[in-house]
Amino acid sequence: MALPGDDNVKKSCTDGKRSASYKETIRTKAELVLQSRKHANELFDVLEYLQSEEENEVIFAINACQKIFCALMERGDLYVGQLPKEKEILEGDRDVVEKYKMFIRHRYNDCIELLQDCMDHEAYQVKESALCVLMKFAVVEGKHSLQEQNWSEHSNFPFELIEAVVQGLLSEKEDMALLISRFQEFLEMDDVRYYVMSSFRNNINKVMSRNQQAVLPVYQSNVFTLLTSINMPSQDSEITNFLLKQEIAKDWKAAKLKHHKRAFEQMWLTFLKYKLPASMYKKVLVILHDSILPYMNNPTLMIDFLTAAYDVGGAISLLALNGLFVLIHEHNLDYPEFYKKLYNLLDPSVFHMKYRARFFHLANIFLSSSHLPAYLVAAFIKRLSRLALTAPPTALLIVLPFICNLIRRHPSCRVLIHRPSATHVPCNDPYVMEEEDPAQCRALESSLWELQTLQSHYHPAVAKAAKAINQPLPEAEDELGKLLELSTFELMERDLKNPRQSVPLEFDPANGLLQSPREVVGMHFSLE
């Protein structure tokens, strides 16, 4: 007679026996491989466990492979040099030892390919174990190189192994952000970082060419995540942390900052030459000016990308301003129609964008020069004034001080405030809002009647800011820094904290449905 719970007990016992079984099997086969060359074929069975459907079996097999191949490399049991194809091993006059080493080297290559597949496993623990073992192989292979050393290029660094790791991280099907964050620990090492950057170019070109340069959101997201995980050194003296402890060759590129910058530059240029998802453009442009351009040997190579982004329009154009400013200000980029395009970025959407603060900060810098022609500054002032008529209060508290600052810097634009014909006599505004060329919009012939209209705004802070033009403007400019990040919630909080003032109200007796029950009862009594 079966008792309750017997099935669970049997299942538990079965799982326990199976667990002990595969562990004992893998452990035994690993020991046999390390004990004698005649048991080399046991490697096939160990590698087969790397393809198991059971997560625990795969992890145990990964650790066993680390133990086996690290020990064999340290013993010198792997063939060194250009490895012949497996079919060619039996050909020629080779002794038994050489054939054995070639066999082990082929199994090592099989193991690396299987570990790459494990980095695509559905279980994160398997991915992480595979990644860490591959990097452990890199350390041991660096000490016991399997290739003929090339001191001028890669020293004894296992470049092909790093390429395999990068290929595993840059999946085309799955978001690898979590595994990439785990890999960031290795990217802090200067030699790993250099060879990872060097492997990007081939990987991106290969994948994008295979997919006919189509947009690959998952793959490109993984590439961007890995790219932005790289922290570049700023000077040669900072390049001291290496995965492989070795005597540094004089011409070893991984130890030179200029070669790091060149690899960094080529990596980003290769990534950006292909079409990106719209959201990816924004992510790149947000970090371009402070995380990419300063670490390039030749930042002007980004001109084509930035000018193309600036022509897109909307938020992407707005975000391209930062990078263009760096190239114009620090690298003497000549951009003849820059102000015309900046002028055309001013539309109602600019007040509602996520990057509104960044835009006005940069526009304030671009329009700070006192050498700008009066017609150009007047065009910006007038366009902002017209757009202010439909802007939210938080945007108006930025725009109105911004306009006042422009008038302070350029006294010739005061005519927009003090034009007598626009004071009391109605007239047609000569300003042409639809004109894209600021030189042709006739802003200097107009007036700032929009600001006078805003003096009757429902929000008292806006009305007060608009009335600033009624008085002579002081020489000191208004500080915009605190206003740029002002949100609607903060504005409401500020208003609620202000002391309450008595406000005169006009009271009209309610009629019909708005009467209180007491008033209705009183009316019935009066009717009776």
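What percentage of the 528 residues of the protein count as buried? The figure is 46%. Keep that in mind as we go through the model. And it is a model: what you see above is predicted.

Let's begin with confidence. The average pLDDT is 83 across the protein. Of the residues, 82% score at least 70. Two stretches need care. Residues 1–6 stay under 50 in pLDDT, and the model gives them zero contacts beyond four places in sequence. Residues 9–14 also stay under 50. Zero contacts beyond four places in sequence there, too. Where pLDDT is low, the predicted coordinates should not be read in detail.

Now the overall build. The protein has 22 helices. Take the contacts between residues at least 6 apart in sequence. Of these, 73% join residues at least 24 apart.

On to one helix, α6. That is residues 159–169. Is α6 largely enclosed by the rest of the structure, or largely open? Eight of its eleven residues are buried, so α6 is largely enclosed. The buried residues are Phe159, Leu161, Ile162, Ala164, Val165, Val166, Gly168 and Leu169. What covers them? The cover includes α4, at 96–118, and α5, at 124–143. It also includes α7, α8 and α9, with α9 at 217–227.

Two of those covering helices also pack on each other. Helix α7 runs over residues 177–187, and helix α8 over residues 190–210. Their axes are 8 Å apart, at an angle of about 120°. That makes α7 oblique to α8. Which residues meet there? From α7, Phe183, Phe186 and Leu187. From α8, Val192, Arg193 and Val196. By type, the residues of this contact are five nonpolar, one charged and no polar.

A word on aromatics. The whole structure holds 23 aromatic pairs. One of them joins Tyr194 and Tyr195. The ring centres are 5.1 Å apart and the planes sit at 80°, so this pair is edge-to-face. Are these two tyrosines, Tyr194 and Tyr195, buried or exposed? Both Tyr194 and Tyr195 are buried. There is also a cluster linked by ring pairs. Its members are Phe224, Phe264, Trp268, Phe271 and Tyr295.

Next, two residues that touch: Ile316 and Ala309. Ile316 lies in helix α13, residues 314–331. Ala309 is in helix α12, residues 303–310. Ile316 has 10% relative accessibility, so Ile316 counts as buried. Ala309 is buried as well, with a relative accessible area of 2%.

What else does Ile316 contact? Leave aside its neighbours within four places in sequence. Besides Ala309, Ile316 then touches Ala278, Tyr281, Lys282 and Leu285. Ala278 is 38 residues from Ile316 along the chain, yet their C-alpha atoms are separated by 8.3 Å.

Twelve residues along the chain from Ala309 is Leu321, and their C-alpha atoms are separated by 9.4 Å.

Last stop: loops. Lys38 is found in the loop between α1, at 6–35, and α2, at 42–49. Is Lys38 buried or exposed? Its relative accessibility is 69%, so Lys38 counts as exposed. Lys38 and Tyr100 are 62 residues apart along the chain. Their C-alpha atoms are separated by 9.3 Å.

Gln213 lies in the loop between α8 and α9. Its phi is near 60°, a positive value in a residue other than glycine. Arg442 sits in the loop between α17, at 393–409, and α18, at 449–454. Phi of Arg442 is near 65°, also positive and also in a residue other than glycine. Arg442 counts as partly exposed, because its relative accessibility is 43%.

Helix α6 is largely enclosed. And residues 1–6 and 9–14 stay under 50 in pLDDT.

Definitions and conventions:
Residues are numbered from 1 along each chain as its sequence is written. This is a predicted model: local features need pLDDT of at least 70, side-chain atom pairs count only at pLDDT 80 or more; totals for chains, interfaces and linings use all residues. Side-chain values use heavy atoms; hydrogens and water are left out. Axes are lines fitted to C-alpha atoms, for helices over the stretch in contact, and angles run from 0 to 180 degrees between N-to-C directions. Helices (H or I, at least four residues) and strands (E, at least two) are DSSP runs, numbered from the N terminus. Angles under 35 degrees count as roughly parallel, over 145 as roughly antiparallel, 65 to 115 as roughly perpendicular and the rest as oblique. Contact means heavy atoms within 4.5 Å. Ala, Val, Leu, Ile, Met, Phe, Trp, Tyr, Cys and Pro count as nonpolar, Asp, Glu, Lys and Arg as charged, and the others, Gly among them, as polar. pLDDT is the predictor's confidence in each residue, from 0 to 100. Rings of Phe, Tyr and Trp (its six-membered ring) pair if their centres lie within 6.5 Å; planes under 30 degrees apart count as stacked, over 60 as edge-to-face and the rest as tilted. Buried means under 20% relative accessible area, exposed over 50%, partly exposed in between (1.4 Å probe, protein chains only).
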